[in-house]
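Please read the numbered points below with the sequence and the model at hand.

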Amino acid sequence: MNQNWIAPSILSADFARLGEEVVNVLTSGADVVHFDVMDNHYVPNLTIGPLVCEALRKHGVTAPIDVHLMVKPVDRIIPDFAKAGASYITFHPEASEHVDRTLGLIRDSGCKAGLVFNPATPLDVLEYTLEKVDMILLMSVNPGFGGQKFIPYVLEKARKVSQIIKASGRDIRLEIDGGVGPGNIREIAEAGVDTFVAGSAVFGAAKTSDPNHYDSIIKALRDELAQAKSPQQKSGSCCHGSHD
Ligand code: DX5
Ligand code: ZN
């Protein structure tokens, strides 16, 4: 797999043709399927559940499915998503009464576990949870809807989390979600992010002239990522060698 993962959010796909949309976006070069689960309680919107995840697997989707739970409570639904074929399951710590237990439940169900931080949510829960975390997802919009504007102060938060991950020496992915597109993905990568959710920027850029409809937009995102400078290059302490 690529080092940087592009994770189209199917929230912005055509739900009437979901299987075809997901196959197209993956064949166009995306790495991961970002699967937004909303309950009209934790967030003011209602989307899809385990049945749809299972349907994508039955349709032949083999790429990782990154289930982003915007539901409260969370524990009841976790085994269902694991059975339905989820690869990663992430949740918002404020939606669980027992964060450590929920992380353990996700891993015991055979999935990778992640925590999601809303733009204004502090990171203190990471102090005691890093060893049970495979992914940290930073929201760069308030959750609930696609098509919102990227909140710039989250870049500073990403730099901070990137440092925390590096210092831990653990294999933890740093993902960002909301308002990501070709105009800002490079800067976001330079802040240390390696997994990029993009909904409207990807599914809103379908081209019937592209063989798989999304080849151009995925390439545009990938080209921007290829130009991102590593932290050393940015600080001027390094001036040669390749990075990716
Ligand atoms: C928002 C969701 C996002 C959303 C991103 O609550 O978690 O995944 O679909 O959409 P864009 O990329 O359009 O901001
Ligand atoms: Zn999401």
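1. D194 is placed in the loop between α6 and β8 (195-198); helices (H or I, at least four residues) and strands (E, at least two) are DSSP runs, numbered from the N terminus. D194 is buried, with a relative accessible area of 18%. Here buried means under 20% relative accessible area, exposed over 50%, and partly exposed in between (1.4 Å probe, protein chains only). Leaving aside neighbours within four places in sequence, D194 is in contact with Q3, N4, W5, I172, R173 and L174, where contact means heavy atoms within 4.5 Å.

2. A word on the basis of these remarks is needed. This is a predicted model, in which local features need pLDDT of at least 70 and side-chain atom pairs count only at pLDDT 80 or more, while totals for chains, interfaces and linings use all residues. Residues are numbered from 1 along each chain as its sequence is written, chains are lettered from A and ligands numbered from 1 in the order in which they are written, and side-chain values use heavy atoms, with hydrogens and water left out.

3. H34 belongs to strand β2 (residues 33-38) and H68 to strand β3 (residues 65-70), so the pair ties together parts that are 34 residues apart in sequence. H34 is buried, at 0% relative accessible area, and H68 also counts as buried, at 0%.

4. Helix α5 (residues 154-168) has 15 residues and reaches 21 Å from its first C-alpha to its last, close to the 21 Å expected at 1.5 Å a residue. The expected span is 1.5 Å times one less than the number of residues. Its buried residues are V154, L155, K157, A158, V161, S162 and I165. These cover an arc of only 150 degrees around the axis, which puts them on the same side of α5; the arc is that of the directions from the helix axis to the C-beta atoms.

5. What covers the buried residues of α5 includes β5 (112-117), β6 (135-139), β7 (173-177) and α6 (185-190). The face of α5 turned away from its buried side carries the exposed residues K160, K166 and A167. After α5 comes G169, which has a positive phi, near 70 degrees.

6. R170 is found in the loop between α5 and β7 and is partly exposed, with a relative accessible area of 40%. Not counting residues up to four places away in sequence, R170 touches L130, E131 and I165.

7. The largest nonpolar core has 72 residues, of which I10, F35, L69 and I136 touch the most other members. The largest share of this core, five residues, comes from α5. A nonpolar core is a set of buried Ala, Val, Leu, Ile, Met, Phe, Trp, Tyr and Cys residues joined through side-chain atoms within 4.5 Å. A second, separate core of six residues includes W5, A7, V32 and V197.

8. A13 lies in the loop between β1 (5-8) and α1 (18-27). Is A13 buried or exposed? A13 is buried, with a relative accessible area of 10%. A13 and S200 are 187 residues apart in sequence and 8.2 Å apart in space, C-alpha to C-alpha.

9. Some backbone details deserve a check. A cis peptide bond joins K72 and P73, with omega about -5 degrees, and P73 is in the loop between β3 and α3 (78-83). N40 is not a glycine, yet has a positive phi of about 60 degrees; at 52% relative accessibility, N40 counts as exposed.
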